[in-house]
Amino acid sequence: MNSFVALFNALDATTKTSVKTAALAEYLRTAPEADRVWTIALLSGRRPKRAVSATELRVWAAEAAGIPLWLFEESYAVAGDLGEAIAHLLPPAQDLRPVTLDAMIRGLIALTGRDVAERRAFVLAAWDGLAADGRFLFNKLLTGGFRMGVSQGLMTRALSQATGVEEATLAHRLMGDWNPATTSFATLTRDGGGDAASRPYPFALASALEEAPLPPGAVQQNPDALGPVKEWLAEWKWDGIRGQLIARPGAFALWSRGEELITDRFPEFAPLADFLPPGTVIDGEVLIWRDGQPLPFADLQKRIGRKTVGRKLLAESPARMLAYDLLEDAGQDLREAPLSQRRARLEAMVAALPPGLPLQMSPRLDAETWADAALQRAEARALRAEGLMLKRLSSPYHTGRRRGDWWKWKLDPYVVDAVMLYAQAGHGRRANLFTDFTFAVRDGNDLVPFAKAYSGLTDAEFAEITRWVQGHTLERFGPVRRVPPELVFELAFEGIQASPRHKSGIALRFPRMVRWRRDKGVAEIDHIDSLRALLRQAPGASPPDPEDI
Amino acid sequence: MSDALLTFTNRGIYCPDGDFFIDPWRPVDRALITHGHSDHARYGHAAYLATHQALPVIRHRLGDIRAEGIAYGETRQIGAVTVSFHPAGHVPGSAQIRVERGGEVWVVSGDYKVEPDGLCEAFMPVRCHTFITECTFGLPLFRWQPQKVLAEQIAAWWAANAAEGRISILGAYGLGKAQRLMAMLPAIGPILTHGAVEDTTRILRDQGYAIPDTIRVTAGISAQTHPGALVVAPPSAMDSTWARRFGAADTAFASGWMALRGIRRRRALGTGFVISDHADWPGLNAAIAATGATRVFATHGYTAPFRRWLEEQGYQAGIVETQFGGDEAESPDTAEGAADAAVAGDGA
């Protein structure tokens with residue numbers, strides 16, 4: 001693991017992308033080959049299965065450190081990271097041994113299914129053989145939360161520098177379902193990992209329109225700067241799961257954007273294998289669709305949550321793909337062709353399908369002017385869409401996020417003013433800082449907690465709030481502090497749903513803080529009734545799931 | 001505890017029988033000051049008492065004050081109690097304050113560290129019945145490496161930068177830490193200082209502390225005039241226009257808080273050297289045991305868990321609340337905000 005530890009330390013010691021890329025490229029040229037494959041796997045989200053529970057780790061680490069469990073927990077709350085807390089708390093290693101990353105991970109994989117005594121012995125021996133930084137990384141492998149401050153894009157660039165293979169080609173070869181334990185570095189970078197027949201293409205990603213250059217003279221973001229509306233395709237930004245449907249000879253697969261194979265979760269798509277022309281790859285959105293319209297995202301979540309889908313759920317929540325783009329036609333990679341051509345071929349293909357299949361085009365919106373498009377965008381919520389997607393008709397299908405050709409033009413979020421009731425310290429780079437808050441709105445003379453949020457403020461604001469929380473703690477519940485209801489925040493959220501599970505009876509989608517309302521007091525926060533009113537209007541409102549009551 | 005030797009008030013630690021406060025945070029008639037950091041030596045008291053070694057910096061920082069010096073170990077009768085100051089090893093001139101009345105002894109630690117740093121007066125345990133201890137790093141997460149190892153790490157970083165003609169900017173609190181770093185490093189190149197660091201450094205050097213020569217950064221000074229130099233600056237200056245004159249410099253920060261990766265990342269500082277002027281976990285425990293005290297009060301730091309730990313070790317334990325009411329007054333973000341780090345530099 002020595003070269004892997006050195007790599008991690010080099011990456012961790014800089015915030016400069018160029019330095020990170022160079023360090024990673026050097027590692028991918030010189031590290032043991034099997035270690036390189038594991039590193040690529042880790043940096044593209046392919047983690048070994050969790051062999052040890054976090055609870056077991058805490059208990060074993062507290063024992064090894066010779067401290068009571070409560071003191072371990074206090075220390076963990078301050079470090080904000082379990083792997084790091086353990087690395088700091090353990091006594092110095094007694095038996096430093098060089099071990100490769102490959103051997104370490106294979107050892108971990110072999111732990112699955114072993115009894116507690118064996119797993120404990122393995123972990124304690126590993127700790128005892130590693131210095132503090134090695135222990136930290138070993139713990140990160142154990143707990144599965146592996147991040148190294150390296151995006152998949154940066155990793156691909158470094159791998160390209162190390163191998164001389166073009167970045168986009170590599171990005172494609174790294175896609176899909178490959179097993180780092182059985183894939184060699186040479187195969188992975190030359191032919192790609194896993195089964196080529198079911199391998200998806202890297203997804204093209206859009207940027208938020210707020211990040212686009214502001215049109216001259218404009219104060220608020222609008223698409224005027226994008227040029228004539230005729231050069232763009234406008235369509236709904238659906239609130240489902242982005243997916244890639246692959247129908248090739250010998251392979252039928254549905255991949256999520258997170259590169260998860262989800263074919264079996266959606267058995268209703270199986271007939272498409274018989275009807276789509278061989279060598280077809282479609283980019284689209286998976287939605288739960290009934291009576292000509294999508295159901296709320298929560299209904300889709302129920303489907304994703306189940307490994308096997310029962311007949312009742314299939315009937316209640318039937319899935320459908322709304323097609324956006326055609327990436328492969330008759331086995332030919334179409335990604336370099338302009339969107340206008342890809343879309344025309346896709347429309348022709350979908351039109352030729354027999355009726356009754358769960359695949360249809362995502363409708364294209366007609367707009368003569370941007371103002372016209374803006375009016376349609378305002379209707380998105382009624383269709384349970386999040387806003388519009390704007391795609392340049394002449395654009396290729398890019399690998400990853402390339403700013404300029406694809407924009408998401410989302411609806412303005414809902415907002416509510418609420419008061420902070422509880423605060424909790426954050427994790428990772430927010431360790432030791434109070435960043436996770438629980439908020440309440442008024443309900444008569446009471447305050448009713450209804451949402452948690454932990455993003456949207458600046459570091460300086462979080463630091464100031466942290467001082468305030470420390471000086472105003474009324475009660476401690478482990479890491480959580482109860483504070484007087486004094487600090488008011490404006491929260492934004494994307495959607496609202498009835499939820500019998502929550503005391504307030506509602507659940508918000510993507511709540512976050514937009515600003516700290518220092519000008520407002522607790523008397524001026526919103527009332528639960530205004531949220532209930534939103535709930536009644538919201539098309540997302542569906543009757544509560546009977547199982548939840 | 002109406003006849004307690006020391007009581008805890010909303011102005012700070014108070015001795016009724018001597019009618020004085022120790023490190024008070026609101027104006028009082030008579031203040032005994034453990035050391036010159038801004039959260040201990042504050043403006044507005046009618047009279048100050050501190051060690052001879054601590055006074056010059058305190059006078060420099062607080063201006064025209066009525067202050068008196070006292071030697072380490074010298075006893076002084078104040079009202080019905082006897083007080084004396086003893087080395088705390090935190091920064092030059094820093095002291096623990098011992099208060100005695102009829103054989104009963106209380107000691108207020110102030111801030112302290114137990115490892116001698118070669119610059120300031122080394123910590124000496126003082127036997128007492130009741131010990132009021134800081135616990136800034138009062139969790140077993142915090143274990144410092146010996147100064148020799150840290151000096152090698154920092155020297156290697158500086159030397160590597162110097163070899164490539166690059167400036168090394170080292171962020172450190174301006175009173176104590178900055179001078180300790182200068183004194184412990186080998187002479188790899190010139191040492192440049194930010195004004196806030198230079199003033200304190202000069203005062204301490206004039207007092208006789210062994211601090212190498214430094215050059216104050218002025219308009220004409222840049223990476224070209226002093227290639228490979230070490231720049232010692234307060235944390236607040238590190239990411240400012242002031243620092244930009246040094247071009248593509250390499251930046252590092254020296255603080256006990258750098259032990260935590262989350263804090264290192266939050267401050268977007270590439271390199272963090274884990275070096276503190278406060279006692280680490282083993283240091284706190286050893287210092288407390290060496291006092292022989294049966295009763296211990298925790299203040300400044302992770303007081304709640306530290307008190308519980310002390311109780312489990314068989315001490316009678318309590319907490320002294322600080323000005324902030326909370327118990328983490330010196331967490332890395334609050335310390336930075338509570339005091340002007342550019343001139344004062346408390347904490348780590």
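This is a predicted model: local features need pLDDT of at least 70, side-chain atom pairs count only at pLDDT 80 or more; totals for chains, interfaces and linings use all residues.

**Helix packing, domains and a sheet**

I begin in chain A, where the axes of helix H2 (residues 17–30) and helix H10 (residues 152–163) come within 8 Å and cross at roughly 50°. H2(A) and H10(A) are therefore oblique to each other, and H2(A) passes H10(A) in a right-handed crossing.

Let me now turn to the domains of chain A. The domain assignment gives domain 1 as 2–143, domain 2 as 204–405 and domain 3 as 414–537. Between the centres of domain 2 and domain 3 of chain A, taken over C-alpha atoms, there are 34 Å.

Next, the meeting of the two chains. How many residues does each chain bring to the contact? Chain A gives 31 residues and chain B gives 25 residues. On the side of chain A that touches chain B, the elements giving two or more residues are helix H5 (69–79), helix H6 (82–89) and helix H18 (459–471) of chain A. H18(A) provides the largest share of that side, seven residues. In the side of chain A that touches chain B, twelve residues are nonpolar, eleven are polar and eight are charged.

I finish with chain B, which has an open sheet of six strands, paired in parallel, in the order S14-S13-S15-S12-S16-S17. Strand S14 (215–216) and strand S17 (271–273) of chain B stand at the edges with a single partner strand each, so one side of each has no neighbour in the sheet. Strand S12 (residues 168–171) and strand S15 (residues 230–233) of chain B run parallel and are joined by four bridges. Within this pair, Leu170(B) stands opposite Val232(B) in S15(B).

Two helices accompany the sheet. Helix H2 (residues 147–163) of chain B lies across S12, S15, strand S16 (250–254) and S17 of chain B, and runs at about 150° to S17(B). Helix H4 (residues 195–207) of chain B also packs on the sheet, where H4 touches strand S13 (191–193), S14 and S15 of chain B. The direction of H4 makes about 110° with that of S13(B).

Note on methods:
Residues are numbered from 1 along each chain as its sequence is written. Chains are lettered from A and ligands numbered from 1 in the order in which they are written. Two residues are in contact if their C-beta atoms, placed from the backbone, lie within 7 Å. Ala, Val, Leu, Ile, Met, Phe, Trp, Tyr, Cys and Pro count as nonpolar, Asp, Glu, Lys and Arg as charged, and the others, Gly among them, as polar. Axes are lines fitted to C-alpha atoms, for helices over the stretch in contact, and angles run from 0 to 180 degrees between N-to-C directions. Angles under 35 degrees count as roughly parallel, over 145 as roughly antiparallel, 65 to 115 as roughly perpendicular and the rest as oblique. A crossing is left-handed if the near helix is turned anticlockwise from the far one by less than a right angle, and right-handed if clockwise. Domain bounds come from an automatic or database domain assignment. Two strands pair if DSSP finds at least two bridges between them.
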